[in-house]
Amino acid sequence: MALRLLVLLLAVLLTACVGQHPLPRPDQVASPPLRFAVPTVEKRQLANGMRLYLNPDHELPLVRLSLMVGAGSIGEPASKSGMLQLYAAALRSGGAGQRNPAAFDEELERLAADLTVNGDSYAVSCGLSLHRADLQAGLAVLADLLRRPRFDERRIELARRQMLEGIRRQNDEPGAIARRELRRALYGDHPLGRTPTVETVEGIERDDLLDFHHRYVNPNNLWLAVSGDFDPDEMQQLLNRWFGDWPLRIFEPQEVPPLTAPLAPVVLARHKQVPQTTVLLGQRGITREDPDLYALRVMNFILGGGGFNSRLMREVRSNRGLAYSVFSFLQPGRRLPGLFVAGCETRTASVDQVVELIRAEMRHMTAEPVSAQELQVARESLINSFVFAFENPHEVVSQAMRLDFYGYDEDYLQRYRERLAAVTADQVLAAARRHLQWDGQTIVLVGEQPAHQGQGERFGLPVAGLSAEQ
């Protein structure tokens with residue numbers, strides 16, 4: 001009884017308060033404007049040219065380092081395709097300094113440190129994370145890795161065997177086949193279009209790895225980003241201790257071979273006994289310097305990059321139920337034109353319908369302006385995702401390093417949001433008309449192929465490369 005009386009009394013009091021001070025409607029609530037400033041990163045440089053990017057954060061007693069070497073697979077000769085991948089694996093696992101591979105791994109285990117080495121088209125990247133108390137020992141390990149790598153022959157052969165096994169299994173996944181075939185069709189015999197083969201990997205020698213390291217791993221070709229629990233002055237002193245006596249050396253920057261003229265669009269069909277067909281439509285895209293970059297980002301979001309907010313998802317999945325997921329993505333190239341790709345997985349019987357629907361949405365994008373609501377959602381979503389990219393202190397500093405590495409303008413981050421916010425529907429339409437080749441894209445199909453489908457035309461394009469399962 002006492003509990004009921006208490007509840008009744010609280011209800012009466014709440015009603016009286018609401019009556020005297022009515023609650024505002026949602027549209028009457030004034031929200032403060034979102035204010036966001038791009039985090040600043042301290043930039044320094046050692047006397048030997050090694051570039052430093054520092055972002056102290058004392059929340060946890062941890063330190064993370066990311067390092068970039070200014071050379072990548074873009075310079076590989078065709079006969080040595082896969083060399084950078086083998087180099088990265090052998091650098092990480094081959095020992096360094098006075099430590100053989102086993103001792104090197106034991107030292108990392110003793111420090112509870114995580115060390116990674118990876119390569120891409122334009123750079124070799126190293127990552128190291130460890131406890132603040134082990135910073136000096138960790139920097140000693142990193143210095144040995146960069147300055148005194150051992151490239152143990154047995155570890156090279158182990159990495160080679162792993163690569164060869166990966167090549168032998170490269171046709172297990174339909175999506176991997178489709179991506180590889182699309183890049184090969186769009187870039188031809190260019191490093192961006194090549195993939196390692198058994199012959200090229202077997203032809204890579206230890207001297208090739210040593211030559212690459214000697215040519216490009218120099219202090220004035222290194223960028224280092226550090227975040228975590230450290231003092232910037234102390235960090236510079238430590239880096240000077242381990243890297244300061246590494247002399248600057250004049251070297252020839254890695255050449256980026258130019259692209260040849262685009263190949264004529266075709267339909268590439270690969271037979272694979274799977275219940276669904278992987279569908280990709282692709283073309284060469286733009287570089288980061290293209291003036292249509294921001295309009296194309298908005299266009300891509302509306303077309304297929306915005307998930308359930310995109311036209312492709314709405315039309316192909318929601319309205320037709322022809323695919324679980326359908327997408328498009330725009331990958332602006334950092335130094336050479338990147339890719340624009342749309343695709344999905346669908347039943348073999350619905351491949352033709354899906355391709356025509358994707359093409360129809362692209363054609364529609366070039367025919368009339370996007371709606372005001374689509375434009376607003378796309379701009380706001382892209383701007384908000386940009387803001388959330390700065391939640392991680394290490395991502396802040398490593399992003400600053402990458403932007404400098406690739407030569408972005410100093411005000412790129414500061415003006416990114418305003419440039420997106422300024423995109424208009426007319427600009428999206430004009431950019432789509434200039435760049436979106438909806439009827440001239442290469443189409444890759446990996447899955448069961450119709451028995452009657454052979455050489456000839458499909459979707460108005462010649463069919464090429466139809467073969468048995470590879």
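Helices α10 and α13, then. In this predicted model, α10 covers residues 293–305 and α13 covers residues 372–388. Their axes lie 9 Å apart, at an angle of about 110°. That makes α10 roughly perpendicular to α13, since angles of 65 to 115 degrees fall under that heading. The crossing of α10 past α13 is right-handed.

Which residues of the two helices meet? From α10, Arg297, Val298, Phe301 and Ile302 take part. On the α13 side they meet Glu374, Leu375, Val377, Ala378, Arg379, Ser381 and Leu382. By type, the residues of this contact divide into 7 nonpolar, 1 polar and 3 charged.

Next, the aromatics. Searching the whole structure gives 13 aromatic pairs. One of them is Phe327 with Phe329, with ring centres 6.3 Å apart and 15° between the planes. That pair counts as stacked, because the planes are under 30 degrees apart.

His213 has a relative accessible area of 9%, so it counts as buried, the limit being under 20%. What does His213 touch, leaving aside residues up to four places away in sequence? The contacts are Tyr87, Leu91, Leu145, Leu146, Pro149 and Phe151.

Technical notes: Residues numbered from 1 in each chain as written. Predicted model: local features only at pLDDT ≥ 70, side-chain atom pairs only at ≥ 80, totals over all residues. Heavy atoms only, no water. Buried < 20%, exposed > 50% of the residue type's maximum accessible area, 1.4 Å probe, protein only. Contact = heavy atoms within 4.5 Å. Axes fitted to C-alpha atoms, helices over the stretch in contact; angles between N-to-C directions. Helix = DSSP H or I, 4+ residues; strand = E, 2+ residues; numbered from the N terminus. Parallel < 35°, antiparallel > 145°, perpendicular 65-115°, else oblique. Left-handed = near helix turned anticlockwise from the far one by under 90°. Nonpolar A, V, L, I, M, F, W, Y, C, P; charged D, E, K, R; others polar. Phe/Tyr/Trp six-rings, centres within 6.5 Å; stacked < 30°, edge-to-face > 60°.
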